[in-house]
Amino acid sequence: MPSSPVASLLAAKSDFQSALLGWYRAHARALPWRDSPSPYKTVVSEFMLQQTQVKTVLPYFARWLETFPDFAALAAAPEARVLKLWEGLGYYSRARNLHKLAQAVAALPELPRTPDAWRKLPGVGPYTAAAITSISFNAPAACVDGNVVRILSRLTADATPFRDSATAAKAFTPLANDLLTTSAAGDHNQAMMELGATVCFRQKPLCLTCPVRAFCAAGQRGDPENYPRLAPKQIEQRAVTRIWCERNRALLLHRAAADARRLANLHELPAAEHLGLNVEHFRAADLLATKRRGITRFQITESIYSARPPRTKLPPNLVWIPLAQLDEITLSGPHRRWITELLALRK
Ligand code: SF4
């Protein structure tokens, strides 16, 4: 008799695979990248879906495919156009890497077919390489992300404490590969993703209607929310003072350097230090708005103050953009929303 939840699960592997795949094939959501799938659609969707929900991605995916229908079209586009189309989706290094990846792929005689070959391309980690090659070429590689870690830790009631989700993903990869339906690796991986997104929720998972409940140790015990055991994220608070400065129907903006780690070439309202202003001299009466945003582990409070146009010569990364041309430049998503809101307020 198998003595541990892992051993029991592996002993029932083929029944588990049938239950999972049968459910997926009957209940999978209709998503545009699943409709006439292609390696290009899979790559674009996998990049967009990193850290982003399906409902947010849907309109971006449709616009993207319309504008850049294949690797060659994306490879030939200027980066400014690529970033503009990504505006609002966040984590812009994904857009830049997707662009570089398209250029690398367009230069190859044929598409790579193995996870190892894909991992050599820009922005492709183990999860993305497994997703692309299993879905497009049925490569026998399991995808392991936060969703899959959650499911596997619950199936096996694994109470191992993990430092973070990347460490947990590494630890669960051998089990994920042992459970993989190698004859239908793409569907199996998509079924696990679908189960994590629509049934095995972080909180209040739908165990009673779950297709793999019969194989799930935590689901049967009734304590699935106890897994996985991840150390709580350390959130750091930050405060930034932003400047709203207008002159002749133009707004002063800061453009991040082309080699900036984040937001390269994107525009935002300038921070006080970009203009050499001392925040202690701002008056409460000049505060236009206080906004919050989250970036990775940082919770950032941004206070936007109105200020007079500077008299000194501006450095090249501070630019006056006519209000009528704001739509033509690429702003970070939160700054686009805040600027639109502040302009609308005074109408
Ligand atoms: Fe998740 Fe519950 Fe299904 Fe287990 S039974 S996989 S905890 S939804």
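Reader: How does the lining of the second largest pocket divide by class into nonpolar, polar and charged residues?
Author: This is a predicted model, and in it the lining of the second largest pocket consists of six nonpolar, four polar and three charged residues.
Reader: And what volume does that pocket have, and which residues lie closest to its centre?
Author: The volume of the second largest pocket is about 330 Å³, and of the 13 residues lining this pocket, Leu277, Ala307, Arg308, Pro309 and Pro310 are the closest to its centre.
Reader: Which residues are nearest the centre of the largest cavity?
Author: Among the 15 residues lining the largest cavity, those nearest its centre are Arg154, Cys200, Cys207, Cys210 and Cys216. By class, this lining has twelve nonpolar residues, one polar and two charged.
Reader: Which helix gives the most to that lining?
Author: That is helix α10, residues 146–155, which gives three residues to the lining of the largest cavity.
Reader: What lines the second largest cavity, then?
Author: Its lining is made of Ala142, Cys143, Val148, Ala176, Leu179, Leu180, His188, Asn189 and Met192. The elements giving two or more residues to this lining are α11 (165–179) and α12, and α12 gives the most, with three.
Reader: Now the packing: at what angle do α2 and α12 meet, and how far apart are their axes?
Author: Helix α2 (residues 13–27) packs with helix α12 (residues 185–198) at an angle of about 75 degrees, and their axes are 9 Å apart. An angle of 65 to 115 degrees counts as roughly perpendicular, so α2 is roughly perpendicular to α12.
Reader: Which residues make that contact?
Author: On α2 they are Phe16, Leu20, Leu21, Trp23, Tyr24, Arg25 and His27, while α12 brings Asp187, His188, Gln190, Ala191, Met192, Glu194, Leu195 and Thr198. By class, the contact of α2 with α12 has eight nonpolar, four polar and three charged residues. His188 and Met192 of α12 take part in this contact, and His188 and Met192 also belong to the lining of the second largest cavity.

Terms used: Residues numbered from 1 in each chain as written. Predicted model: local features only at pLDDT ≥ 70, side-chain atom pairs only at ≥ 80, totals over all residues. Heavy atoms only, no water. 1 Å grid on protein atoms, 1.4 Å probe; cavity = no way out; pocket = protein on both sides within 12 Å on 5 of 7 lines; lining within 4 Å. Points joined across faces, edges and corners; volume = space filled by probe spheres on them. Nonpolar A, V, L, I, M, F, W, Y, C, P; charged D, E, K, R; others polar. Axes fitted to C-alpha atoms, helices over the stretch in contact; angles between N-to-C directions. Helix = DSSP H or I, 4+ residues; strand = E, 2+ residues; numbered from the N terminus. Parallel < 35°, antiparallel > 145°, perpendicular 65-115°, else oblique. Contact = heavy atoms within 4.5 Å.
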